[in-house]
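Student: I should like a close look at one part of this structure, namely the charged side chains and their setting. Please treat them in one connected account.

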Amino acid sequence: MSGITFQGDKKLKAKLEKCKNPEAIKTIVQKNGDELNREMKSNTKSAFRKGYATGQTGSSINTVMKDSGYTAEVGPTTDYASYVEYGTRYMSKEPFVKPAYTAQAAKFKADLDKVVK
């Protein structure tokens with residue numbers, strides 16, 4: 001699930017480097033990664049409505065912490081997850097990643113704003 005780009009990352013990096021409490025940032029990254037994970041899993045239960053859902057995609061969603069705790073990668077590991085998310089010519093899309101990401105992005109930004117101001 002790639003293709004997400006960020007604008008303003010140089011400004012963000014400069015603010016994060018000035019932060020007096022880097023552990024708070026790592027805590028925020030972990031918390032928001034875990035919340036995103038839960039929301040994606042929840043979305044698989046309500047988004048998949050065609051009757052073929054086995055729960056495998058939801059079970060495959062993991063959170064992996066990287067960059068010494070400054071990065072949380074969250075997503076499914078099934079080979080076919082992108083087909084479900086985006087659809088194919090034979091099936092309509094049943095998004096579970098984007099809705100979770102969109103909701104969590106605002107929370108993440110608000111949490112970071114509290115720390116880097």
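Tutor: E35 and K31 both belong to helix α2, where 4 residues, about one turn of the helix, separate them. Helices (H or I, at least four residues) and strands (E, at least two) are taken here as DSSP runs and numbered from the N terminus. The model is a predicted one, in which local features require pLDDT of at least 70 and side-chain atom pairs count only at pLDDT 80 or more, whereas totals for chains, interfaces and linings use all residues. Residues are numbered from 1 along each chain as its sequence is written, and side-chain values use heavy atoms, with hydrogens and water left out.

The side chains of E35 and K31 form a salt bridge with an N to O distance of 3.8 Å; the term denotes a side-chain nitrogen of Lys or Arg within 4 Å of a carboxyl oxygen of Asp or Glu. E35 counts as partly exposed because its relative accessible area is 22%, and K31 falls in that class at 36%. These classes are set as follows: buried is under 20% relative accessible area, exposed is over 50%, and partly exposed lies in between, with a 1.4 Å probe and protein chains only.

Helix α2, which comprises residues 22–47, also holds K26 and E23, 3 residues apart and so about one turn of the helix from each other. Their side chains meet in a salt bridge of 3.4 Å, N to O. K26 is partly exposed because its relative accessibility is 22%, and E23 is partly exposed at 48%. In the whole structure, 5 salt bridges are found.

Helix α5 provides a further pair. This helix covers residues 98–116; at 1.5 Å a residue its 19 residues should span 27 Å, and the 26 Å between its end C-alpha atoms agrees with that. Within α5, D113 and K109 are 4 residues apart, about one turn of the helix, and their side chains form a salt bridge at 3.0 Å, N to O. D113 is partly exposed because its relative accessible area is 26%. Salt bridges with shared partners also link K31, E35 and D111 into one network. D111 is one of the buried residues of α5, a list that also includes A100, Q104, L112 and V116.

The segment after α5 contains K117, which is exposed because its relative accessibility is 82%. Together with K11, K15 and K18, K117 makes up a patch of positive charge on the surface. Lys and Arg count as positive and Asp and Glu as negative, while His and the chain ends are not counted.

D67, in the loop between β1 and β2 (71–75), has a positive phi of about 50° although it is not a glycine. D67 is exposed because its relative accessibility is 53%. That loop between β1 and β2 also contains S68, a residue other than glycine whose phi is positive and near 60°.

Definitions and conventions
The expected span of a helix is 1.5 Å times one less than its number of residues. Patches are made of residues with over 30% relative accessible area and no salt bridge: like charges are joined within 9 Å, nonpolar side chains (Val, Leu, Ile, Met, Phe, Trp, Tyr) within 5 Å. Accessible areas come from the Shrake-Rupley method with a 1.4 Å probe; for residues, only the protein chains shown count as cover. The place of a charge is taken as NZ of Lys, CZ of Arg, CG of Asp or CD of Glu.
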